[in-house]
Amino acid sequence: MRSAVVSAGFLRCAVDSCSVQRYRLFRSVCGGARSSPGATVSMEKARLTPFPREQTATRICLVSSFATELLEIRSKEKKPSLHVLVIPGNPGIVAFYKDFVEALYENLGGQASVTAVGHISHSQKDSERGRLFSLHEQIDHKVDFIEQELQHSETSIVLVGHSIGAYIGLELFKRFPNKIQMFVGLYPFLKLNKNSVTQSVIGYIARSSLLSKGVSLFASLIGSLQPSVTRGIVRRFIGPSWSVTAVDVACCHLLKYHMVRNVLFMAMTEFQKLTEEPDWTFVRANEDKIAFLFGVDDHWGPLSHLEEISKRAPGVTLSVETEGHTHGYCCNEPGSFWVADYIANLIKNHRLIRNN
C-alpha cells in the first residue's frame, strides 16, 4: 500500500506541468489591464462564456523521419500573414492544448493559422520503439519542423512556448530571428528553482533509471485498468479540476510506459541544462519582441524569475496572471480561454494582424 501511494505521488509529480492545484483565486488589480513593454501587469478576466469554435484537426507528419503529432487550425484567409506556433511543455502532448488552440484561433478572428507541435514520442503510439529523447533533441526537432513546414513560406511566425516550451521557444527564436516576429513564454520554465520540493523529487526520480522504469510501469498499469477505473484515478489524484478533454487525454495518451519514460528522461536533461543562465544578451537585443506571462505561486516560473528578467532585460513585456489558473492552464477551459485572450491581445497590440 505504501509503495502504491508513493508511486501515485511520483506520477503526479511527473505530470506536474498540467497540475491544477487548489490555489486561492486572485482578482485583477487593473480595470482594463494591458501589456506594455517593460511593465509588470495583471490581465483582466477573459470571457469564459461558451462560444462556437472551429475544431482543431490532428495529423501526423514526418519530421526528419520522426512521427510528429500536430494539432492545428488553418486560417480562413487564402494567404494568411501570420502563423502561431505553439510549443508545449513536458509532457508534450498536443491534445492537452485543444481548447487553447481553438480559443486562440477564434480570438484572432481566423486571420492566423494556429499549430501546436508535439514532442517526439510524446504521443499515444510508441512510434520510435522505446527510444528516449533529450531536451536538445526536442529542440532540434522543432528547428527541423520550422525548416520543413514554414521556413520557405512568406508567413511570419508568432512563437508561443509553455513551461519548458518557453525555453525551447527562445532557442528557436535564436535560430530564426528574422522569421519569428514575436515570442511569448507562458508560465516559463527557464531555470531551476532550488526552493521547489517538486522539482527536487522529479529530478531524483528522473536521474534513476530504476525509479523511472518503476514509475513508468505503474503509470502503464493504471492505464491498463477498466476505463472507468482509470478515469476515476486520474480525476482523483492527478486532475481534480481538469476538463473532460484533459482527463480523456491523460487516460488515452499519458498513461503509457514509453510516454512516461520519455517525460522523465526529457525532465532529467532539462534539469541538467537549466543549471545554466538564459542567454540574456539575446533577450536584451530582442526585448521588444519578447513577452512572458507568469503565474502566482508557480514553482516552475516563480515571480523571482520575473524580477530577474525585469532587471536583466527591462524592455521585455512582463505580465502576471492573477485569476488562479496556474501553470497547467491548458487542462481546463477557463484557463485556456484566459490565456488565449491574453495572447490575442498581445498580437493585436503589436499590429501583427488587423484589429477588427
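Me: Among contacts in the chain with a separation of 6 or more, what share comes from residues 24 or more positions apart?

Reply: The share is 78%. A contact here needs heavy atoms within 4.5 Å. Keep in mind that this is a predicted model.

Me: What makes up the secondary structure of the chain?

Reply: There are 12 helices and nine strands.

Me: How much of the chain is buried?

Reply: Buried residues make up 58% of the 356 residues. To count as buried, a residue must have under 20% relative accessible area.

Me: And what is the accessible surface of the chain?

Reply: It comes to about 15,300 Å². Carbon and sulfur atoms own 52% of that.

Me: Why is Ser196 called buried?

Reply: Its relative accessibility is 4%. The cut-off is under 20%. Ser196 passes, so it counts as buried. You will find Ser196 in the loop between β7 (180-186) and α5 (197-207).

Me: What makes the pairing of Ser196 and His299 a polar contact?

Reply: Their side chains come to 2.9 Å. The limit for a pair of N or O atoms is 3.5 Å, with one able to donate a hydrogen and the other to accept it.

Me: What kind of peptide bond joins Asn90 and Pro91?

Reply: A cis bond, with omega about 15°. Most peptide bonds are trans. Pro91 belongs to the loop between β4 (82-87) and α2 (98-107).

Me: How many salt bridges does a search of the whole structure find?

Reply: The search finds 14.

Me: How do you know that Asp140 and Arg175 form a salt bridge?

Reply: The N to O distance between their side chains is 3.7 Å. The limit is 4 Å, between a side-chain nitrogen of Lys or Arg and a carboxyl oxygen of Asp or Glu. Arg175 and Asp140 meet that limit, so the name applies.

Me: What does the pair of Asp140 and Arg175 tie together?

Reply: Asp140 lies in helix α3 (residues 135-149) and Arg175 in helix α4 (residues 164-175), so the pair ties together parts that are 35 residues apart in sequence.

Me: Why are Asp140 and Arg175 called partly exposed?

Reply: Asp140 has 28% relative accessibility. Arg175 has 39%. Buried means under 20%, exposed means over 50%, and partly exposed is in between. Both values fall in between, so both residues are partly exposed.

Me: What separates Glu171 and Lys174 in helix α4?

Reply: They are three residues apart, which is about one helical turn. They form a salt bridge, with the closest N and O atoms 3.6 Å apart. Glu171 is at 19%, so it counts as buried. Lys174 is at 32%, so it counts as partly exposed.

Me: What makes Asp248 and Arg231 a salt bridge?

Reply: Their side chains meet at 2.1 Å, N to O. That is within 4 Å, so the pair counts. Asp248 lies in helix α8 (residues 244-254) and Arg231 in helix α7 (residues 227-238), so parts 17 residues apart in sequence are tied together. Asp248 is partly exposed at 32%. Arg231 is partly exposed at 31%.

Me: Which residues are linked in a network of salt bridges?

Reply: Arg59, Glu72, Arg74 and Glu149.

Me: Which residues make a nonpolar surface patch of about 230 Å²?

Reply: Leu221, Leu225 and Val229. A patch residue needs over 30% relative accessible area and no salt bridge. Leu221 has 49%, so it clears the area cut-off. Leu221 lies in helix α6 (residues 209-223).

Key
Residues are numbered from 1 along each chain as its sequence is written. This is a predicted model: local features need pLDDT of at least 70, side-chain atom pairs count only at pLDDT 80 or more; totals for chains, interfaces and linings use all residues. Side-chain values use heavy atoms; hydrogens and water are left out. Helices (H or I, at least four residues) and strands (E, at least two) are DSSP runs, numbered from the N terminus. Buried means under 20% relative accessible area, exposed over 50%, partly exposed in between (1.4 Å probe, protein chains only). Accessible areas come from the Shrake-Rupley method with a 1.4 Å probe; for residues, only the protein chains shown count as cover. Patches are made of residues with over 30% relative accessible area and no salt bridge: like charges are joined within 9 Å, nonpolar side chains (Val, Leu, Ile, Met, Phe, Trp, Tyr) within 5 Å.
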